[in-house]
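Please look through the sequence and the model below before reading on.

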Amino acid sequence: MALGGAGWGLTAAGPALASTPDNTPSPLAYATVRNGPLWHDTAGRVIQAHAGHIVRHDGVYYWYGEDKAHDSARFRAVSCYSSTDLVNWTFVRNVLDTSSHAELADAKIERPKVIRHAASGTFVLWGHYERGADYALGRVAVATSSTPTGPFAYRGSFRPLEQESRDMTVYVDRDGTGYLLSASRRTGGANDTLVLFRLTDDYLGVAEEVIELWPGAYREAPAFFRHGDTYYLITSGASGWMPNQAMYATAPAITGPWSDLVPLGDAATFASQSAFVLTVGLDTWARHVLVADRWRPDALGQSRNLWLPLDVGADGGLRLDWRNSFGVDAGAARVDAPPVTNIAQGRPATASSATSANPAGLANDGSYTTRWIAGSSSWPAWWGTDLGSSRHVSEVNISWPMVKGSEGYYRYRILHGDNASDWTTIDRTGNTQYGFTHDAVDFTARHVRIELVDAVLHNNPGNWYTPSLFHVDLRP
């Protein structure tokens, strides 16, 4: 990624020191990850590495993903980028493309993941395979290379143990056992159940089925990681290109037993879908980053990459917050992402109306799962808070309701002032972002109001929503 501009920016963190695992102090030189804009490689081109995976080998990070530059779901290539610092990404090559095999000439290859077979040194690429025209096959595809940069030799596609497989990931456990987790069909529709399979010893095939996970829950976009002795699995709901609520579960072993699903982040996962989890650092002091895609179905090549740090609580619970930026130092294996500060949290809140069960204060109570709901279905409506004194605000982050199958984006205005009658207005009635909005602002005010002007529903002729807000986050 290019430094500065619309990609990543490089900023010095000063002379602070960090202790490495051997207690040797090392200088921190954090670079800044900036979410929201398109990211560019070192040649200035938009990075095309969607729904992919990062592998570290011999001190180099390799980022693989779907090339969507042609704005189509049809397969064009699996791309590969390299970096030594997780900041500057250089395009290496397309490791697999339509010329690699006749079966790939008109196909889909989605969610490419690469794992290394330690004994042979072979790099094995797995992906979801379909014909170009539809999603009827439900297969996995496998390709191999002796080097991380390929090209990868295509070995074919198949259904694992004759079971349908769509969104998928692969994972190598600490004992070297490889696993495939696939969204399969068990109780009704496609993708209704996640199924865990054990791979063959060479990682080229499927040896056995291990466990079914949450039958009928329709979870996809799976991403594993381990922290200490606990395994985590993050998934999204099945809603096409539209964002939805990420969920996670935990287990003492990858084979289970797995806990119930728990919501992660806001109702739209900050307008993104999980791709994989990047772990920076060693087991006892690792920091984990959810790498996600903010899909743009009308122009897939313009879909954004989002990297959001995951916070593991003392009780093992996960929290995911929006971060416009955070620091990473690959050399010291550190992520600099201190807890976020929401100056609206817990402050008095009012609204144009509210139901008795969903008062205005639920929109700034610190939870992504509670919400204010207006007492009337008429539009416009408003929600506001009193910060107690004039405070500087640099970000207004809003988590909007999502109704699966009838998602809408909100057209709104941000009002601010030192009293509750004289307002300065920031007009966001041109918004078209579903589920979550981030506004970089620069004002000082005591009162902040969100005016909900309208909602535009993508598959309904009119707005039947009742005005509501899940979460309002004001950053200083």
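Predicted model: local features only at pLDDT ≥ 70, side-chain atom pairs only at ≥ 80, totals over all residues.

**From side-chain contacts to the whole chain**

The charged end of lysine 108 sits over the ring of tyrosine 135, at 4.4 Å from the ring centre; a charge is taken to sit over a ring if NZ of Lys or CZ of Arg is within 6 Å of the ring centre and within 35 degrees of the ring normal.

Residues are numbered from 1 along each chain as its sequence is written, and side-chain values use heavy atoms, with hydrogens and water left out.

The count of salt bridges comes to 23, where a salt bridge is a side-chain nitrogen of Lys or Arg within 4 Å of a carboxyl oxygen of Asp or Glu. One of them joins arginine 287 to aspartate 311, with 2.5 Å between the closest N and O atoms. Arginine 287 belongs to strand β22 (residues 287-294) and aspartate 311 to strand β23 (residues 304-312), so this pair ties together parts that are 24 residues apart in sequence. Strands (E, at least two residues) and helices (H or I, at least four) are DSSP runs, numbered from the N terminus. Arginine 287 is buried at 18% relative accessibility, whereas aspartate 311, at 23%, is partly exposed; buried means under 20% relative accessible area, exposed over 50%, and partly exposed in between, with a 1.4 Å probe and protein chains only.

A salt bridge also links arginine 159 and glutamate 164, whose closest N and O atoms are 3.8 Å apart. Here arginine 159 is partly exposed at 27% relative accessibility, while glutamate 164 is buried at 13%. In the salt bridge between arginine 296 and aspartate 298, the closest N and O atoms are 3.0 Å apart; arginine 296 is partly exposed, at 36%, and aspartate 298 is exposed, at 59%. Through shared partners, salt bridges also join Glu130, Arg159, Glu164, Arg166 and Arg185 into one network.

The aromatic side chains come next. A pair of aromatic rings is described by the distance of the centres and the angle of the planes. Rings of Phe, Tyr and Trp (its six-membered ring) pair if their centres lie within 6.5 Å, and planes under 30 degrees apart count as stacked, over 60 as edge-to-face and the rest as tilted. By this rule there are 23 aromatic pairs. Among them, tryptophan 39 and tryptophan 307 are edge-to-face, with 5.6 Å from centre to centre and 65° between the planes. Tryptophan 39 lies in the loop between β4 (31-34) and β5 (50-57) and tryptophan 307 in strand β23, so the pair ties together parts that are 268 residues apart in sequence. Tryptophan 39 is buried at 1% relative accessibility, and tryptophan 307 is buried at 2%. The rings of tryptophan 464 and tyrosine 465 are also edge-to-face, because their centres are 5.2 Å apart and their planes stand at 75°. Tryptophan 464 is partly exposed at 46%, but tyrosine 465 is buried at 4%. Trp379, Trp400, Tyr410, Tyr412, Trp464 and Tyr465 form one aromatic cluster.

In soluble globular proteins, nonpolar side chains tend to be buried together. A nonpolar core is here a set of buried Ala, Val, Leu, Ile, Met, Phe, Trp, Tyr and Cys residues joined through side-chain atoms within 4.5 Å. The largest such core has 28 residues, of which Trp372, Val396, Ile450, Leu469 and Leu474 touch the most other members. Two or more residues come from each of β29 (381-399), β30 (408-417), β32 (436-457) and β34 (471-475), and β32 gives the most, with eight residues. Leaving aside neighbours within four places in sequence, valine 396 is in contact (heavy atoms within 4.5 Å) with residues including Ile414, Val441, Phe443, Ile450 and Leu474. Apart from this core lies another, of 25 residues, among them Trp63, Val280, Val328 and Val335.

Over the whole chain there are 34 strands and zero helices. Buried residues make up 54% of the 476 residues, and among contacts between residues at least 6 apart in sequence, 57% join residues at least 24 apart.
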